[in-house]
Amino acid sequence: MSKFYYLEGVLLIELIGVSKAYNIVGVKIPRALDNINIRIDKGEFVSIVGPSGAGKSTLIKLLICEEKPTTGKILIANRNITQLKPSELPYFRRKVGVVFQDFKLLPQKTVYENVAFALEVCEAYPEEIREKVPRILDLVGMLKCKDKLPTEISGGERQRVSIARALVHSPKILIADEPTGNLDPVNAWEIIELLERINKRGTIVILATHNKAIVDRLKRRVILLKGGKVVSDQMKGGYVI
Amino acid sequence: MNWIPITRITKLGLTNFWRNRWLSLASTLVMTLTLLIISMFVIMTMVINKTTDRIKSKMDITVYFNDSATTENIADLQQKLAARADVSEVKYISKEEALQIWEQTQKNQQIKDLITTNDNPLPRSLAVKATTPEKLNDIDNYLLSDDFAPMIHKISYEENKVIIDKLLAITAFIKKMGWLFSGIFIIVSILVILNTIRLAIFTRKSEIEIMRLVGASDRFIKMPFVIEGALYGILACILAFILMWLGVYVIIASLVTQYLGAAVTENLKSFFSSYIFYIILLQFLVGIVIGVGCSLFSIRKYLKV
């Protein structure tokens, strides 16, 4: 069914010489990303850290094909995603789940409907929706709240719903851009535990964060960005600036 | 074929329409007005064209002779006219025949009694039919020559010509006004619909963002807006048609019956019903083209998918 069958094979992410410059006419500004080389293997949990303006968000945008790099290649399962045709993009996005700091849930839809919406707009059959949505909600521990509106649940619960929505297409890669940015430490840690559980099931998790406590406790790979460059890349790192 | 996306897209389009119902209503009404004005001018032009055609086909030249003209001279002229290539028929009407026609056309007995066989001032005449109405002018010029002047009392063509020319001028004027008003209203409805669709896109911005994020195809994101635009067209077409039907069958029909008689009303109704299919088709096409066209344009401009 999926047009983006390349992602079904051996999965790894490779960024080769990736740079991104935003052009403002008449103003010379430093590159948001400058010659980034990163390789992420199957099953990895990678935290991308760095101060504001380090290039974390730009990197995430490049990874979900929201923007194209000025130079360089981004290979996912040996396919250069910078050369995807517009018609291939939706199929690519179904294989890459994304979670944001502000959840991006539709306020007038219930928890269940928010997750089901992701399948509906991708032309899934009703049986598929009825089967998948409760299973995913159960995985993130939100099945009991399925009929509540996003305004009736806490921030941590909303982020769980947004993770559920990102997972509903069974993506091979889950990208989380500051998922704990709006949450208190307890809720934040619960979300990170959920991401770890998802990672154990074989999904690559890429986590962009500011949160030192989380990164230190995770003891997984940490890539530190500063001024658009990779400053350090440690396999079991902590947050050092 | 997978019908799920089609039903879902349609549902989204209908939801859009309903969510912005006041704007949708405004768009639909402006479009209705546009369709009504276009149809009105089309119908008016058709009626006038038909009338002019009918009058043109009935047009002939009638040459009335002085009583002093001799029968030989008249017969000579009749032969000369019949020999012309642009004349299709020449008919001689004697004084007696003219009287008969007079009696047939007058209903009032008192007026009828004014002319009798003994005291008959009605002139003899030749009714000349041309092969095409345009040729009448040449025939008229031929008759105006000095050779025939002494025996001719009057040529009727000169009088009709004024009426025909006036009719043609009115038709041309109405056509021009029709284009002008149709153009203005098409522009107004395009602007209103463009704005409505743009607002619909803005109110659904977050929804569209999420749709893209979770991998909805372009078609799935765009089509609801196209359906919304088409819906304006279809509803406007239905509304315009109902209003026009009411206008013709109730308001105009009663006025026409009151002032011109039931026969004219019947004519009008049969004319309307014989062209009904074309009118609906025209309204439908204009409605759909404006609605869908505006949607596609707005989507391209405001929705970079």
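Reading along chain B of this predicted model, the secondary structure runs α-α-β-α-β-α-α-β-α-β-α-α-α-α. In total that chain holds ten helices and four strands. Burial in chain B comes to 40% of its 305 residues. How far apart in sequence are the residues that its contacts join? Taking contacts in chain B between residues at least 6 apart in sequence, 84% of them link residues at least 24 apart.

**Where the two chains meet**

Now for the interface. Chain A puts 21 residues into the contact, and chain B puts in 19 residues. Together the two chains bury about 1800 Å² between them, with carbon and sulfur atoms giving 59% of that area. Which residues of chain A lose the most area to chain B? They are A:R93, A:V121 and A:E123, and together they account for 30% of what the chain A side buries.

One of those residues also turns up in a charged pair: A:E123 forms a salt bridge with B:R219 through their side chains, at 3.1 Å from N to O. The count of salt bridges between chain A and chain B is two. As for polar contacts across this interface, seven residue pairs qualify, with both partners at pLDDT 80 or more.

Which helices of chain A supply at least two residues each to the side that touches chain B? Those are α2, α3 and α4, spanning 89-93, 111-120 and 126-139. The largest share comes from α3(A), which gives four residues. By residue class, the chain A side that touches chain B splits into 13 nonpolar, two polar and six charged residues.

**Cysteines**

How many disulfides are there over all chains? The count is zero. The cut-off used here is 2.5 Å between the sulfur atoms.

| Cysteine | Relative accessible area | State |
|---|---|---|
| A:C122 | 5% | buried |
| B:C237 | 6% | buried |

Notes:
Residues numbered from 1 in each chain as written. Chains lettered and ligands numbered in written order. Predicted model: local features only at pLDDT ≥ 70, side-chain atom pairs only at ≥ 80, totals over all residues. Heavy atoms only, no water. Buried < 20%, exposed > 50% of the residue type's maximum accessible area, 1.4 Å probe, protein only. Contact = heavy atoms within 4.5 Å. Buried area = accessible area lost by both parts, 1.4 Å probe. Salt bridge = Lys/Arg side-chain N within 4 Å of Asp/Glu carboxyl O. Polar contact = N/O pair within 3.5 Å; in protein donor to acceptor, adjacent residues only side chain to side chain. Nonpolar A, V, L, I, M, F, W, Y, C, P; charged D, E, K, R; others polar.
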